[in-house]
Amino acid sequence: PSYFLLVGIPGLEKEQFWIAFPFCIMYGITLLGNISLLLIIKAEPSLHEPMYLFLAMLAFTDLVLSTSTLPRMLGIFWLGWAEIGFPSCLAQLFLIHTFSAVESGVLTAMALDRYVAICCPLWYSSILSVPAVGALGSLVLLRGVVLVSPMCLLLYRRHFCQPHVLPHSYCEHMALVGLVCGDTRPNSIYGLFVAFLVVGTDLVLISVSYAVILCVVAGLPSRAARRKAFSTCTSHLCVILAFYIPGLFTFLTHRFGQGIPHHIHILVANLYLLVPPTLNPIVYGFKTKKIWDRVV
């Protein structure tokens, strides 16, 4: 098809004009917070360490995720710009799914960074050197591109049934698969494979890392050291939960949540792309003393 029509939030077409205002405020916080983090980390040589370099990768990923969806979404909610060209739709799908995979990989890398820093402090500088951090970031990006590209190619080669109305606020893989004519099992199976490979692998690594970290922290002799380590871990876990819980909810309801109202599903899918980018700079900005001192 030459274009699709994005509905926005099905069932809340009248209310979405007002829903757009908090979305716009959150997007403003996302831009201000993540751009500030990138500028601060770039300008301050003392922040050119693995933990802060991973944080810069996370900030850049959040900017791409939110900017690839929110301006278009606000255009639908406020101005009725429902039409999106097929190439633009595929490009949006590619950016959303690629950088969702990248964000998951960066969160995993940050968990491994904390694991090495707390459990193997003497080896920290040799294991996580700046070149190693750059290579790890490149590998995470490459993984996202390699896994998501076939998803887009499979959709590009399919025929779509009329009408080309997409009951969503943005171009999402399973929403597009629902408009495909004929057998959609290859698309669905590959989508499941990518989701389980990325989320399954990353969640296992994150869970194991933090389980070991908490065991080590609980055995520290100093109460102040335990409190500081627990505080850092709590911040990271909040960010991780804010990303994975709505993401898993969106993924599962597409396939198994037929009883869940469609507007709830779409709202959570929208928040999945907006809440983590809004929270991340706030959590890390306030909880990281070096960054907060630089902000002040």
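Helices (H or I, at least four residues) and strands (E, at least two) are DSSP runs, numbered from the N terminus. The model is a predicted one, in which local features need pLDDT of at least 70 and side-chain atom pairs count only at pLDDT 80 or more, while totals for chains, interfaces and linings use all residues. Residues are numbered from 1 along each chain as its sequence is written, and side-chain values use heavy atoms, with hydrogens and water left out.

**Nonpolar patch**

Ile-25, Ile-29, Ile-282, Phe-286, Trp-292, Val-295 and Val-296 make a nonpolar surface patch of about 690 Å². Patches consist of residues with over 30% relative accessible area and no salt bridge, where like charges are joined within 9 Å and nonpolar side chains (Val, Leu, Ile, Met, Phe, Trp, Tyr) within 5 Å; accessible areas come from the Shrake-Rupley method with a 1.4 Å probe, and for residues only the protein chains shown count as cover. At least two residues of the patch come from each of α1 (16-43), α11 (275-287) and α12 (289-295), whereas Val-296 lies in the segment after α12. Val-296 has a relative accessible area of 75% and is therefore exposed (exposed is over 50%, buried under 20%, and partly exposed in between, with a 1.4 Å probe and protein chains only).

**Helix packing**

Helix α2 (residues 50-67) and helix α4 (residues 86-119) have axes that come within 9 Å and cross at roughly 160°, the axes being lines fitted to C-alpha atoms, for helices over the stretch in contact, with angles from 0 to 180 degrees between N-to-C directions. The two helices α2 and α4 are therefore roughly antiparallel to each other, a label for angles over 145 degrees, as against under 35 for roughly parallel, 65 to 115 for roughly perpendicular and oblique for the rest.

**Salt bridges**

Three salt bridges are found in a search of the whole structure, each defined as a side-chain nitrogen of Lys or Arg within 4 Å of a carboxyl oxygen of Asp or Glu.

| Asp-113 | Arg-114 | 2.8 Å |

Asp-202 is buried at 3% relative accessible area, and Arg-143 is partly exposed at 24%. Asp-113 is buried at 2%, and Arg-114 also counts as buried, at 13%. Asp-183 counts as partly exposed at 38%, while Arg-185 is exposed at 58%.
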